[in-house]
Amino acid sequence: MKVYEIPLRFVKSFLIDYDKGYILVDAGTPGSGKRIAEFLNSKGVKLDYVVFTHTHPDHIGGAYELRNYTKAKFAIDANGVDYLREGKIREPVLHSAFLKVAFALGRPFFFKKFHGVKEDLILKEGELVEGVEVLRTPGHTNDSISLYLPSINSVIVGDTLQGTNKGLKYPSIYENLEELIKSVEKIKCLKPSFVYVSHGKSGSTFLV
């Protein structure tokens with residue numbers, strides 16, 4: 001079992017090599033599909049699944065483009081289906097004046113329109129394939145999920161946690177703080193050796 005980080009502008013996708021196949025986690029911003037495909041082709045990878053941790057545009061924006069490169073099954077939580085299918089913009093819930101100003105100024109970039117794509121699989125909590133388990137971890141959004149990899153005791157959390165040089169903290173953007181705290185505690189209870197985050201530095205030190 002191996003996990004590869006794929007840097008994409010200010011966000012990351014991840015490639016899981018689970019011994020029997022490959023899973024891509026998230027598709028980046030609109031325009032990222034080709035870059036991801038080039039990375040996969042360089043490694044001779046044929047995907048089985050594309051799993052979305054949630055439906056903010058920087059995680060599903062490149063999904064439509066990826067359809068041209070793979071026959072993998074696209075998988076999403078039930079609460080995210082409409083956003084993925086219709087290419088709907090899921091507005092982030094902001095909690096600071098700085099972020100509100102930043103997103104207002106960068107709106108043409110952050111909320112660039114993209115084509116929707118139909119899902120093939122609705123994710124449910126439990127085993128997706130042997131060695132890869134889906135965890136429902138709402139809070140950042142109501143459709144947020146994480147992937148637990150027991151054989152390497154690691155978790156891919158999307159935006160449920162944010163990485164810093166000192167460790168892992170709550171994200172600055174979230175829809176429901178109470179649910180977010182419960183989801184982070186759920187992840188911490190696994191006592192993971194490593195946590196992969198979509199923004200910032202992945203690591204194993206919890207600051208929350």
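The model is predicted: local features need pLDDT of at least 70, side-chain atom pairs count only at pLDDT 80 or more, and totals for chains, interfaces and linings use all residues. Residues are numbered from 1 along each chain as its sequence is written, and side-chain values use heavy atoms, without hydrogens or water.

**Sheet and helix**

Six strands form an open sheet with mixed pairing, in the order β1-β2-β3-β4-β5-β6. Strands (E, at least two residues) and helices (H or I, at least four) are DSSP runs numbered from the N terminus. Two strands pair if DSSP finds at least two bridges between them. The edges are β1 (2–8) and β6 (121–123); each has a single partner strand, so one side of each lacks a neighbour in the sheet. From one strand to the next, the twist averages 25°. Strands β5 (residues 73–77) and β6 run parallel and are joined by 3 bridges. A75 sits opposite L121 in β6.

Helix α1 (residues 33–42) lies across β1, β2 (11–17) and β3 (22–25), at about 145° to β1. Axes are lines fitted to C-alpha atoms, for helices over the stretch in contact, and angles run from 0 to 180 degrees between N-to-C directions.

**Two buried residues**

Buried means under 20% relative accessible area, with a 1.4 Å probe and protein chains only. Contact means heavy atoms within 4.5 Å. The contacts below leave aside neighbours within four places in sequence.

| Residue | Location | Relative accessible area | Contacts |
|---|---|---|---|
| A37 | helix α1 | 3% | L66, Y69 |
| S202 | segment after β13 (194–196) | 11% | E5, K12, F194, V195, Y196, V197 |

The S202 side chain makes a polar contact with the side chain of K12 (3.5 Å). A polar contact is a pair of N or O atoms within 3.5 Å; within protein, one must be able to donate a hydrogen and the other to accept it, and residues adjacent in sequence count only if both atoms are side-chain atoms. The backbone nitrogen of V197 lies 3.1 Å from a polar atom of the S202 side chain.

**Nonpolar cores**

A nonpolar core is a set of buried Ala, Val, Leu, Ile, Met, Phe, Trp, Tyr and Cys residues joined through side-chain atoms within 4.5 Å. The largest has 22 residues; L24, L47, V50, F52, A63, F74 and L84 touch the most other members. At least two residues of this core come from each of β1, β2, α1, α3 (63–66), β5 and α4 (81–86). A second, separate core of 19 residues includes I23, V51, L123 and L149.

Definitions and conventions: Buried < 20%, exposed > 50% of the residue type's maximum accessible area, 1.4 Å probe, protein only.
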